[in-house]
Amino acid sequence: MKMTAVEELKSSRWADEVELEGGALPLPTEVIENGYKILTEYKFEGEKKVKVVRMHKIEKRIFSKSIAVRKTWKKFGESSNDKPGPNPATTIIAEDVYMQYITSKEEDNKQEDDGLDKLKSLGEKAAVKCRTCNGEHWTTHCPWKDTALAGGKVPDDKKGISGTNGEPSKTGNKYIPPSLREGAVRTRSDNPNMNRRDDISALRIANLGEDTTEQEIEDLVKPFGPVQKLFLARDKITGACKGFGYIHFKFKGDAAKAMQQLHGYGHNHLILIVDWSKPQQHNN
Amino acid sequence: MKPLMLHGHERAITQIKYNREGDLLFSSSKDNKPNVWYSLNGERLGTFNGHQGAVWCIDVDWTTTRLISGGGDNTCRIWDCETGKEIGSIQTKSSVRTCLFSYSGNMALYSTDRAMKNNCEIFIIDVRTVDSSIGEADPILTIPIPSSDTRVSSILWDSLEETIITGHEDGALFQWDIKTGKSIKSVKEHSLLINDMQWNKDGTMFITASKDNTAKLFDALDLTLLKTYKTERPVNSAAISPIFDHVVLGGGQDAMDVTTTSTRVGKFDSRFFHMVFEEEFGRVKGHFGPINSVAFHPDGKSYSSGGEDGYVRVHSFDPPYFEYNFDY
């Protein structure tokens, strides 16, 4: 069978507006370069002059003769006045859609197992760590809880253990368990540090624009790892961003990575300043 | 994938069909002008103007020279594909619900609705030479559907042109011998109206789409039920992929029920099932109403759907579709 090459017009179109000086409209142009046919038209839209650029990709495809003949058929009916190529009135390029794959049940189970395994392995390593003796148990179950070791060692250890992740913050801002009260009273300077243990994986991000939103920050930091909490300081009255925010990562490693990458990164024409979130001062 | 939206119809799409090579896509709708499009870029080649009512069915012959269409204006018309001119028109007693060319294109059939005291009938006509006198010519064969409580809602012609298979309003399937005009076999696997029937590539099996929320796969020879694909909405159309063991179902709640029942996103999806395992593995969103007709491109690399919203959407599959392996 004889094969014939036929030119195919595939359109992608956008219009951009250009303010032109002078009264008359420039003539439409048609340029063919790099396999694209670029049509440029100018027209008035109310007061404004509008430049319309249409880009058609020219593809060469090989068809069988019968199809090639059909490509040369004249348009008829309602389309008889259409120019060659798709008419934007009848042919619209829709938004991207994706096939949503529905995984089978076995696969779902497997995924859950995976997550559980991950958690288990994590647990074996360092999910639970005693603040008193550094052992692998909850602090409340620590055999040394009521001994001298607890009272004496706590302040020193706290710095060392501070990287512990996954341990729920049992000591809120106000309530302090009796076993720790003594230590808390004695070493007040350590208290904020302890209260805000989850700050260890927190970053302070500064030099943000006024119109920055939580979503933007989230998009910015999401690639580095799971985020536990995100806070953007806003003016109480205007709601405008005060220029800084805090991001609590789940893992310290992610936070470190994010700091390294984002410090000095240009966002919305501003250069970000990213640093570890410093413990709060005594003002509250 | 970036689908092409073909907006040539003002009302709901009733049927879409590719020609044999798949370069052209024909669409009919409840407005009165069937359209033809280049499937590659969505360019409209033309419209077939002449019907005065909803067009319920279209078919194109093997060589893409002629188009047959039937509509609610009680006519069945034959068109020239190249020029869009009407070659012949047949006046019927009630609206034409289905029409088809035979494989060779020598014969065509159409069926009429049971309405206005007329029973449903199937007509087989000779279309070797068609001119404006076809309206007066007698059909080769007329099969009246005797029972007054059922009508033909979809029809298929086997590739040897010896039998036809009809799907009925009550869910029954009949196989007819066209030499004698007698029914050879009938089965009733569906409980409600059969909206659509389509062949697989080699004509050994066909899939039915029914209002009873299922699509079923049948053996063409003896109408044995092979597979059932269950959904929770009426299925308006189903097609079998020519290259994979996939079927696509289009549906959604009845157009008349859309406003009276709660709509949840996801009911108007095209749903992909594995042909053998009867399990759904993928969905494609897009239409704003029920899908009335789906069709695979003969090369299996794209498919189209026409919906109650009046749009035809031409989807070209992304590479992941071809790499997708069904887990079993």
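B:Arg20 is where I would like to begin: in this predicted model the residue has a relative accessibility of 40%, so it counts as partly exposed, and its side chain meets that of B:Glu21 in a salt bridge, with 3.1 Å from N to O. B:Glu21 also takes part in a salt bridge with A:Arg70 of the other chain, where the closest N and O atoms are 2.7 Å apart. Between chain B and chain A the count comes to five salt bridges, and 19 residue pairs across that interface are in polar contact, both residues of each pair being at pLDDT 80 or more.

As for which parts of chain B are involved, the elements that give two or more residues to the side touching chain A include strand 1 (4-6), strand 4 (35-38), strand 5 (44-47) and helix 1 (319-323) of chain B. Strand 25 of chain B gives the most, with five residues, and the residues on that side of chain B divide into 21 nonpolar, 13 polar and 15 charged.

Turning to the extent of the interface, the contact draws 49 residues from chain B and 34 residues from chain A, and the area buried between the two chains is about 3700 Å², of which 55% comes from carbon and sulfur atoms. Of the area that chain B buries against chain A, 17% is supplied by B:Leu40, B:Asn41 and B:Arg44, which is more than any other three residues supply.

Strand 5 of chain A, residues 91-93, is joined by three bridges to strand 1 of chain B, and the two run antiparallel.

What is the bridge partner of A:Thr91 in strand 1 of chain B? The partner is B:Leu6, and A:Thr91 itself lies in strand 5 of chain A. Is A:Thr91 buried or exposed? Its relative accessibility is 9%, and because the limit for buried is under 20%, A:Thr91 counts as buried. A polar atom of the side chain of A:Thr91 lies 2.4 Å from the backbone oxygen of B:Gly42. Leaving aside residues up to four places away in sequence, A:Thr91 touches A:Pro86 and a series of chain B residues, among them B:Leu4, B:Met5, B:Trp37, B:Asn41 and B:Arg44.

Now to chain B on its own, whose secondary structure comes to one helix and 28 strands. Of its 328 residues, 61% are buried, and among contacts between residues at least 6 apart in sequence, 43% join residues at least 24 apart.

One salt bridge within this chain brings together the side chains of B:Arg114 and B:Glu169, at 3.0 Å from N to O. The pair links distant parts of the chain, 55 residues apart, with B:Arg114 in the loop between strand 11 and strand 12 and B:Glu169 in the loop between strand 15 and strand 16 of chain B. Both are partly exposed, B:Arg114 with a relative accessible area of 31% and B:Glu169 at 26% relative accessibility.

Over all chains, the whole structure holds 19 salt bridges. In chain A, one of them joins the side chains of A:Arg234 and A:Glu214, at 2.9 Å from N to O. A:Arg234 lies in strand 8 and A:Glu214 in helix 6 of chain A, so the pair ties together parts that are 20 residues apart in sequence. A:Arg234, at 31% relative accessibility, counts as partly exposed, and A:Glu214 is partly exposed with a relative accessible area of 32%.

How values were computed. Residues numbered from 1 in each chain as written. Chains lettered and ligands numbered in written order. Predicted model: local features only at pLDDT ≥ 70, side-chain atom pairs only at ≥ 80, totals over all residues. Heavy atoms only, no water. Contact = heavy atoms within 4.5 Å. Buried area = accessible area lost by both parts, 1.4 Å probe. Salt bridge = Lys/Arg side-chain N within 4 Å of Asp/Glu carboxyl O. Polar contact = N/O pair within 3.5 Å; in protein donor to acceptor, adjacent residues only side chain to side chain. Helix = DSSP H or I, 4+ residues; strand = E, 2+ residues; numbered from the N terminus. Nonpolar A, V, L, I, M, F, W, Y, C, P; charged D, E, K, R; others polar. Pairing = 2+ DSSP bridges. Buried < 20%, exposed > 50% of the residue type's maximum accessible area, 1.4 Å probe, protein only.
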